[in-house]
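Let's take a friendly walk through this fold, beginning with the whole chain and ending at a few individual residues. Keep the viewer open as you read.

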Amino acid sequence: MSNLQEVDDELLVKKLRKLMITKQLNFLIGSGASAKSIGLMGKVNDDYKTRKIRNDQLEEKIRDTSKSLLLIGSSKENDAPCTKEEFEKIKKNLDDYTNFLKSVIDVINLSNSRQTPKSVNLFTTNYDLYIEKAVDELTGTNRFVFNDGANGYFKRVLESSNYNRVVSYKGLNDNYISEIPSISLIKPHGSMNWAEENGAIVIKNEVVENPKIVKPTGLEEKDTYLDNHYYEMLRVFQLELDKPQSVLFIIGFSFQDKHIGKMVKRALQNPEILIVNFGHKNSDKNTCLRNLGIDINKVPKNLRIYTPKDFNKEHLSDGLKFELPNLTDIINGASKEDMEYDQSN
């Protein structure tokens with residue numbers, strides 16, 4: 001591909017922005033979004049010298065990255081369990097997530113709450129703490145509500161029924177009610193700060209010693225359905241995809257998790273949902289369809305897979321890749337005018 005990629009993607013970008021403003025908004029974020037600092041499972045090999053299989057290596061990397069994340073902005077940055085170079089990569093990766101969340105808050109503020117709730121669901125198979133740390137970075141400078149599914153104060157217990165809340169601000173004189181943008185975080189593979197206590201999942205403000213996570217062993221489907229906590233998170237995912245007038249944007253995810261792929265494929269039977277997947281590189285379209293078990297000549301109309309070739313170089317990262325900052329850039333340009341865009345054009 002030429003480094004001077006000139007693609008007219010204006011109509012595509014307008015279409016994407018209108019979907020974000022006018023539909024029930026959902027994102028599925030995969031490991032590709034954290035790859036700058038953590039890497040990908042496929043690039044990790046068993047280490048026979050240390051006798052650490054790649055699953056253990058990956059878990060250790062995510063644990064150290066999450067611990068380092070929580071030290072950013074504190075006086076203990078020098079205590080981070082990583083090199084200075086790695087720490088800088090973690091900071092840059094955090095910027096990616098923080099800018100993304102800021103853009104999402106801004107775009108749901110554009111929606112008409114009478115037609116579409118000012119809310120977004122963030123589903124992630126990652127168990128790092130990038131999204132949680134990004135929320136902290138935005139707290140105080142942006143008006144929004146964050147819901148990770150937990151109730152409690154000192155002991156915060158995860159319960160799926162805590163999702164689907166709408167929070168509004170009432171004027172001092174009860175003269176108006178304004179819905180506050182809300183972000184719900186659902187982690188069907190667990191998290192580095194989830195601890196199991198007496199059969200319940202407690203969400204901590206630190207990386208725990210034995211986190212409740214689904215390791216990439218190839219048995220993820222069995223593990224998630226047998227464990228009630230993971231099953232409940234997947235159930236929330238499926239219920240959201242079954243809602244009318246919903247859109248699911250996917251980034252950093254190629255459907256190697258077969259159980260997630262099955263749920264997405266099932267959701268495509270809902271004619272009112274639109275699923276939009278962004279591939280990191282051009283070959284990702286075929287990879288995603290192959291992992292979903294969909295014939296390239298029989299792609300459902302409500303499944304769109306966009307890769308770098310669909311975008312102008314201005315919407316691509318170095319090397320002409322589509323990454324989380326590129327999606328953020330597209331979201332950032334959204335405006336009220338995009339609500340009027342006629343997709344039939």
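Among the contacts in the protein chain with a separation of 6 or more, 71% are between residues 24 or more positions apart; contact here means heavy atoms within 4.5 Å. Please keep in mind that this is a predicted model, in which local features need pLDDT of at least 70, side-chain atom pairs count only at pLDDT 80 or more, and totals for chains, interfaces and linings use all residues. Residues are numbered from 1 along each chain as its sequence is written, and side-chain values use heavy atoms, with hydrogens and water left out.

The protein chain has nine helices and 13 strands, taken as DSSP runs numbered from the N terminus (helices are H or I with at least four residues, strands are E with at least two). Of its 345 residues, 50% count as buried; buried means under 20% relative accessible area, exposed over 50%, and partly exposed in between, with a 1.4 Å probe and protein chains only.

Now find strand β11, residues 246-251. Six of its six residues are buried, so the strand is largely enclosed by the rest of the structure. In a regular strand the side chains alternate between the two faces of the sheet. Here S246, L248 and I250 point one way, while V247, F249 and I251 point the other way, and all are buried.

Which strands pair with β11? Strands pair if DSSP finds at least two bridges between them. Strand β1 (residues 24-29) runs parallel to β11 and is joined to it by six bridges, with L25 having V247 as its bridge partner. Six bridges also join β11 to the parallel strand β12, residues 273-278, where F278 is the bridge partner of I251. From β11 the chain crosses through helix α7 (residues 258-267) to β12, a right-handed β-α-β crossover: with the strands pointing away from the viewer, the path from the first strand over the helix to the second runs clockwise.

The loops on either side of β11 are worth a stop. P244 sits in the loop between α6 (228-241) and β11, and its 46% relative accessibility makes it partly exposed. Leaving aside neighbours within four places in sequence, P244 is in contact with Q24 and E272. In the loop between β11 and α7 lies F255, which is buried with a relative accessible area of 1%. Its phi is near 70 degrees, a positive value in a residue other than glycine.

Finally, look at N198 in the loop between β9 (194-197) and β10 (200-203). N198 is not a glycine, yet has a positive phi of about 55 degrees, and at 81% relative accessibility N198 counts as exposed.
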